[in-house]
Amino acid sequence: MAWSDQIIQGLKDADISLVAYVPDGITWRILGKMEDDPFFHMIPCSREEEAIGIISGAYTAGKRGTVFMQSSGFGNCINALATLNIPSRIPFPMFIGMRGGPGEFNMAQIPGARAVPGILDSLGLQYFSLTREDELDQIIKGGIALCYAGRLPVANLLSTLLTGGRDA
Amino acid sequence: MLRVDAIQSVLDRVKDEPIIANLGGTTFHLHNLSEQRDANLYTWGAMGLSSSIGLGVALAAPDRKIIVMDGDGSLLMNLGSLGTIARQDPKNMIHIVWDNHQWGGTGGQPTHTAGVTDLAAVARGAGIPKVEAVSTLEALEEVFDRALTEDGPWCIVADVEGGDKPNRPDVSLEENLQRFRKTFAP
């Protein structure tokens, strides 16, 4: 199964049907398929923090959702994570299309992407780098279980080693 | 119109509809006026996100009317939310903005709505189908009664006086969340 299909299946198996996102070229390979799949309710957002607010609200009403974003947009999420999800214990899995790795062509994408793991560490949030298709199923399913058991967001970093990065 | 009276007026008109409150004065007032109400969700941070949280609740519970109590300073921080709400078109969402034209929690500094910015016009431009601006309690009550029965999404921008200083309640965030969640249990 292709990496994008493995992620989609993992979300379906966990009954995660609300998908809030700010698109980018990497995650669109997953999101584009979800847009055509009636299982998912897709919520394009103007900004990443907004996506977190929406999915957090859905959780407070008993429905599970996920957030997709690019690594550059992760910087827009810090206040929501720090002042909503962590103190109120509102979990959700997020998927971050990583720029700034092998193959990066845009200098402006590198510093923000390199900061993502450090920011997650500072916030005390767990994350996993997705680099290989053969580990994907275990990490996705395990990460989602961890997320709801610990009642905190968990991040999945989509490495360019898995995705091939984005075209120029 | 005093914000505290306007919030009481909304409380007088609802039964068990979920209410999501913006941080600061609105959360304080709502809690102080209806401490025992399980369907209140308070926010203590995440400035700007109450309308987004409310949209998520509205999408997750399409059979219930959802009320968001936002503020002008907060909504100005997340104007894109109005476009997202319009695009998702949740018929069950009532987004009230208590517009006191100031950042009330930080010393009353004037926001953009104290000058030239018209949040009702912004909401209309974003594509919200039902937008009303009200400046009296009677007008608020009339519009809110309609919003409870007519499809939305609604955005009601209510002009309220600034300067109120409600007492800060002592609330556990986790307890509030779990209590609110239970109101959605099947």
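Modeller: Let us begin with a helix pair in chain B. The axes of H3(B) and H5(B) cross at roughly 15 degrees and come within 10 Å. Such axes are lines fitted to C-alpha atoms, for helices over the stretch in contact, with angles from 0 to 180 degrees between N-to-C directions. Helices (H or I, at least four residues) and strands (E, at least two) are DSSP runs, numbered from the N terminus. This is a predicted model, in which local features need pLDDT of at least 70 and side-chain atom pairs count only at pLDDT 80 or more, while totals for chains, interfaces and linings use all residues. Residues are numbered from 1 along each chain as its sequence is written, with chains lettered from A and ligands numbered from 1 in the order in which they are written.

Colleague: How are H3(B) and H5(B) oriented to each other?

Modeller: Angles under 35 degrees count as roughly parallel, over 145 as roughly antiparallel, 65 to 115 as roughly perpendicular and the rest as oblique. H3(B) and H5(B) are therefore roughly parallel.

Colleague: Is the crossing of H3(B) and H5(B) left-handed or right-handed?

Modeller: A crossing is left-handed if the near helix is turned anticlockwise from the far one by less than a right angle, and right-handed if clockwise. The crossing of H3(B) and H5(B) is left-handed. On H3(B), the contact (C-beta atoms, placed from the backbone, within 7 Å) is made by B:Ser51, B:Ser52, B:Leu55 and B:Leu59, and on H5(B) by B:Ser81, B:Thr84, B:Ile85 and B:Gln88.

Colleague: What is found for H3(A) and H5(A)?

Modeller: In chain A, H3 (residues 48–60) and H5 (residues 78–88) pack at an angle of about 20 degrees, their axes 9 Å apart. They are therefore also roughly parallel to each other, but the crossing of H3(A) and H5(A) is right-handed. Among the residues in contact are A:Ile52 and A:Gly53 of H3(A) and A:Leu81 and A:Leu84 of H5(A).

Colleague: How many residues do the two chains give to their contact?

Modeller: Chain B gives 25 residues and chain A gives 26. Helices H3 (50–60), H5 (80–88) and H8 (173–182) of chain B each give two or more residues to the side that touches chain A. H3(B) gives the most, with 8 residues.

Colleague: What does the fold of chain B contain?

Modeller: Chain B has 8 helices and 8 strands. Its C-alpha atoms fill a box of roughly 45 × 35 × 30 Å, taken along the principal axes.
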